[in-house]
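Take a look at the model below.

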Amino acid sequence: MNSLELDIKKKISQGLNTLFNIQLDEDKISLQPTKPEFKGSFTFVTFSITKLTNKSPEETGKLLGEYLVKDPSICSAYNIVKGFLNLEITDSAWIKTFQAIYLDKSFGKLTPKNKKIMVEYSSPNTNKPLHLGHLRNIFLGYSLSEILKTAGYEVIKANLINDRGIHICKSMIAYSQYGNSETPDTSGLKGDHLIGKYYVMFDKLYKAEIEQLIAAGNTKEEAEKKAPIMLQAQKLLVNWENGDSETIDLWKKMNQWVYDGFNSTYQKIGVDFDKFYYESDTYLLGKNIVNEGLSADVFFKKEDNSVWIDLSPEGLDQKLLLRSDGTSVYITQDLGTAELKYTEFGFEKSVYVVGNEQDYHFKVLKLILEKMNKPYASGIYHLSYGMVDLPSGKMKSREGTVVDADDLIQEMTETAAMHTKELGKIEGFSETEAQALYHKLGLGALKYFLLKVDPKKRMLFNPQESVEFQGNTGPFIQYTYARISSLLRKAKQLNIQSDNLDFNQITSLEITERETINLLKDFPAKIEEAANLFSPSLIAQYVYDLAKQYNRFYNEVSIFNESNPQLLTFRIAFSDSIASAIKKSMKLLGIEVPEKM
RNA sequence: GCACUCGUAGCUCAAUUGGAUAGAGCACCUGACUACGGAUCAGGAGGUUUGGGGUUCGACUCCCUACGAGUGCACCA
């Protein structure tokens with residue numbers, strides 16, 4: 001908590017003690033920002049304490065208000081509306097608040113918590129390129145990691161690659177039959193796109209075969225089971241599990257192409273990972289845990305040797321953990337991976353950024369580990385994000401209605417280039433600099449668009465709106481930063497040194513300055529909140545409000561026309577601090593800000 | 001059928017976790033100084049918070065109910 005707020009709470013605590021003999025520590029006192037239509041900056045709600053004061057809400061507020069303004073260093077005035085005590089803060093207290101922020105070069109960096117958190121995100125299948133849904137996942141995971149780091153945690157960014165299973169075999173079969181040994185080089189296609197092509201091809205071939213079989217008199221179910229290409233894919237999976245060298249070679253070659261493709265996308269969007277897990281390595285883990293659970297009587301075995309857990313006391317169903325033939329299922333390998341992660345890193349928390357269609361899976365996963373008294377069970381958190389819809393409805397990869405990640409980034413960059421050229425403000429930029437700027441802006445627009453919405457909520461991706469660069473958008477915030485940068489360049493030219501600033505000379509503030517400082521002071525608290533709630537959208541919302549509020553100041557107050565040199569210098573320092581907070585906030589979202597645009 | 005999630009301005013999203021007259025952006029209308037960057041700013045219009053009940057000083061928020069939308073309920077992953 002910043003010191004201004006703490007000081008006020010202390011005063012209130014003292015006041016309650018002196019006036020009503022109520023013992024209420026400052027950390028139990030809650031203050032809220034005053035609504036703009038009332039005078040004041042902080043509001044104390046008196047309803048909840050009237051039972052202790054034995055006075056009406058108004059009377060309680062009046063007595064407390066009188067007490068607070070007796071000390072003129074913080075509160076200059078008060079007013080009461082019903083049970084709301086609104087407090088006005090002196091300019092000197094605001095200036096003091098700003099001074100502390102300005103002098104603290106690591107403002108917004110929270111003290112180390114000495115705790116480790118693993119954040120798993122992205123976790124794609126290796127049979128098709130990344131799409132818009134993955135982008136929401138990736139941006140969320142990356143941003144959350146940045147937020148947690150800044151909030152003082154040690155963060156391990158993990159990616160669990162789904163590199164085995166029937167879906168991989170599908171593209172392998174199509175490729176080996178129709179691929180003509182083409183490669184990313186010979187085809188000119190990015191590796192993940194090349195593989196995706198064959199995954200789609202498999203689906204077409206499969207459907208055609210099903211239709212033929214139905215025409216030949218089979219039922220739909222029969223046809224789906226008997227289709228030759230599906231049988232071949234299944235055989236390939238068996239070959240793979242048996243370690244057949246030819247199959248493994250093809251699998252390795254094709255997966256490598258996909259990894260190269262993914263890596264190029266990751267690099268382009270500026271995200272990275274500390275640790276990669278491959279399901280082909282971890283899918284057999286978890287059987288030990290099943291045995292452990294059996295001997296502890298947490299699990300039970302049925303007559304056919306399959307292993308189950310009964311979660312009906314928890315309101316869920318029975319859940320299979322091991323097939324009758326002894327092979328693992330999805331949850332088995334996730335149990336194993338959870339254990340592996342913990343033994344390797346010994347974290348306090350483990351966050352999984354995974355779509356909300358897997359809510360049930362993670363509920364079960366956590367419950368099982370809790371029942372087994374695993375020390376890491378309680379630290380498991382499923383950051384369940386909502387699906388991304390298109391105006392045309394749901395994205396479906398098989399129906400070709402997905403928005404491809406690489407294409408989308410390309411389009412955003414082109415749109416940024418178009419807007420920038422129209423406005424014509426970057427003369428003097430080299431072609432490389434211009435391209436770098438378009439990339440920053442296009443990606444900034446896209447990331448902000450996806451991150452500003454509460455992660456838990458399903459969201460609509462409207463392509464037209466996403467390329468708008470006005471209003472509540474990434475480029476709006478980037479623009480605010482670029483404009484302040486321009487101010488600071490000019491100040492430097494004029495040799496205005498904010499290091500020489502004597503804060504004692506500053507005695508009063510413009511309303512817009514006061515309001516902006518009021519927002520600025522909340523930055524560390526916002527980071528803490530975003531870290532606690534695993535919600536980058538809070539930062540996105542915050543930095544927009546901050547930029548918007550600063551723009552009001554910028555529009556109303558002239559800086560270089562100010563005749564008082566101390567005041568001029570103050571406004572430069574003030575602008576500098578806002579720019580710095582904007583840059584830090586945007587970094588938490590994984591967005592870069594330009595000096596010119 | 002059972003379970004979970006959601007329903008806020010024409011559209012996309014907020015709402016300090018139970019607080020005041022529910023706020024932003026887009027779109028629409030009106031306006032902004034020879035100043036520092038107009039990708040900006042100010043103003044207007046737009047709401048029975050899906051409907052109905054309940055809990056209390058006070059409800060978008062909590063409980064019940066109806067309606068609507070989505071997701072999950074494989075010896076798939």
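A residue counts as near a molecule or strand if its C-beta atom, placed from the backbone, lies within 6 Å of it. By that rule, 73 residues surround RNA strand B. Tyr330, Asp454, Gly471, Tyr479 and Ser486 are the closest. This is a predicted model, where local features need pLDDT of at least 70, side-chain atom pairs count only at pLDDT 80 or more, and totals for chains, interfaces and linings use all residues. Residues are numbered from 1 along each chain as its sequence is written, while chains are lettered from A and ligands numbered from 1 in the order in which they are written.

Which element gives the largest share of the surface near RNA strand B? Helix α19 does, with eight residues. Helices (H or I, at least four residues) and strands (E, at least two) are DSSP runs, numbered from the N terminus. Elements giving two or more residues include β1 (31-33), α16 (405-423) and α22 (536-556). By type, the surface near RNA strand B splits into 28 nonpolar, 25 polar and 20 charged residues. Here Ala, Val, Leu, Ile, Met, Phe, Trp, Tyr, Cys and Pro count as nonpolar, Asp, Glu, Lys and Arg as charged, and the others, Gly among them, as polar.

Next, the domains. Chain A is assigned domain 1 (3-89), domain 2 (165-278) and domain 3 (405-588); the bounds come from an automatic or database domain assignment. The centres of domain 1 and domain 2, taken over C-alpha atoms, are 66 Å apart.

Finally, the helix pair. Trp94, Thr97, Phe98 and Ile101 in α4 meet Arg514, Ile517 and Leu520 in α20 (contact: C-beta atoms, placed from the backbone, within 7 Å). Five of these contact residues are nonpolar, one is polar and one is charged.

Notes. Two residues are in contact if their C-beta atoms, placed from the backbone, lie within 7 Å.
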